[in-house]
Amino acid sequence: MGFIKLFSVASFPVIKVLLITALGLFLALDNISILGEDARKKVNQLVFYVFNPSLVGSNLAKTITFESVVKLWFMPVNILGTFILGSALGWILIKMTRPPKRMEGLILGCCSAGNLGNLPMIIIAAICKQEGSPFGEPDLCNQYGMAYAALSMAIGAVFLWSYVYNLMRISSSRIQNEDRTSNDSSMLKASKGTVDNAYTILLPETNSEEKVSFPSKIKHYVRMISSHLNFKSMFAPSTLGAIAGFIIGVVPQIRNFMIGNNAPLHVVEDSASMLGEAAIPTVTLIMGANLLKGLKGTTAPVWTIVGIVVVRYIFLPLLGIAVVKGAMHLSLVHSDALYQFVLLLQYALPPAMNIGTIAQLFGSGESECSVIMLWTYALASIAVTLWSTFFMWLVS
């Protein structure tokens, strides 16, 4: 298939996203106020607790089997690679641009966490339905593509709320401690005592007579780390929906009872699918409405925004090609072209929308986050289209 044909196939999904995003932005304007701040919060909760779990669970239940789980083992490794490589590039960007301290955690988050759930679902669903798609019969392409995207969403949510959440939490805590120290010099001695006590807790005292065993140290560090992990956020409704979908799909007895037109409880699966179909357009509208903050928000350092765009749309996709092609060369990835496309696409996406939620939670870089989201999602129309075209050519 020629490059021009692939480009047209890749561009239509992004154009659809832009149109619905523009509608969401229009509905959020003060003069219209259909998707005002209160409305967005309520609709967001509906998506978070109902639509997304239904979409993830129903798609995984229909397509995932024990055999397919064995074939898809590389996807969690690939997604972890996007987070680690992104955070490493984000750290380099911080060293080069020297942004305000309050933005360091935000930059790490934007560089490491991509929109691994909603955007791939929108793009893959549109590409599969597009005439001339290189991934074969539309219904089969959509069924398997949505399962891959659902798995991507579930795994991405776990890494986002365990890895990125704690990166931004640590950065925010450090800044708050520095501000508190500089604003109240009379507390220096007390602060030093607290720090000393903290080190005493982290590294138990040892002397020549009594030494702490290595297993005890390991247990101590594990306890310290687990006390700071947000397990409630890690096991978000989408993740629980993915777990339910896995169990239904992998266990033959449950699968035969719920999946298929002749299954006794197929009405439950049909109802979940119906709810899940509302997720993609609703999320896209909210995404557009949230970008209004960027138009009204304060300015962010120009070179920081440029750096994040370069990391997400140039360096990460190039590294992703090396990782996925290397895995294919070592026969770690099976030969399904659609699966390979999803793995590559995971490296070429704009930042996760939940980065704004985390920034709001810690009150660090919230206004700058809106500006970064505005520019990265505006430029995604060009970058994601070009990379999708190249990736389709690469795997087809």
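Biologist: In this predicted model, is the crossing of α16 and α17 left-handed or right-handed?
Modeller: A crossing is called left-handed if the near helix is turned anticlockwise from the far one by less than a right angle, and right-handed if clockwise. Helices (H or I, at least four residues) and strands (E, at least two) are DSSP runs, numbered from the N terminus. For α16 and α17, the crossing is right-handed.

Biologist: At roughly what angle do their axes cross?
Modeller: Axes are lines fitted to C-alpha atoms, for helices over the stretch in contact, and angles run from 0 to 180 degrees between N-to-C directions. α16 covers residues 302-329 and α17 residues 337-345, and their axes come within 9 Å. They cross at roughly 145 degrees.

Biologist: Which residues in α17 meet α16?
Modeller: Contact means heavy atoms within 4.5 Å. On the α16 side we have Gly 320, Ile 321, Val 324 and Met 328. Their partners in α17 are Gln 340, Leu 343 and Leu 344.

Biologist: Where is the pLDDT below 50?
Modeller: Residues are numbered from 1 along each chain as its sequence is written, and side-chain values use heavy atoms, leaving out hydrogens and water. The chain's mean is 79, with 81% of residues at 70 or more. The stretch below 50 is residues 198-203.

Biologist: Which cysteines form the disulfide?
Modeller: A disulfide is a pair of cysteine sulfur atoms within 2.5 Å, and the structure holds 1. One partner lies in helix α6 (residues 118-129) and the other in helix α7 (residues 138-183), so the pair ties together parts 13 residues apart in sequence. With sulfur atoms 1.9 Å apart, the partners are Cys 128 and Cys 141.

Biologist: Is Cys 141 buried or exposed?
Modeller: Buried means under 20% relative accessible area, exposed over 50%, partly exposed in between (1.4 Å probe, protein chains only). Cys 128 has 0% relative accessibility. Cys 141 is at 2%, so Cys 141 counts as buried.

Terms used. Predicted model: local features only at pLDDT ≥ 70, side-chain atom pairs only at ≥ 80, totals over all residues. pLDDT = per-residue confidence, 0-100.
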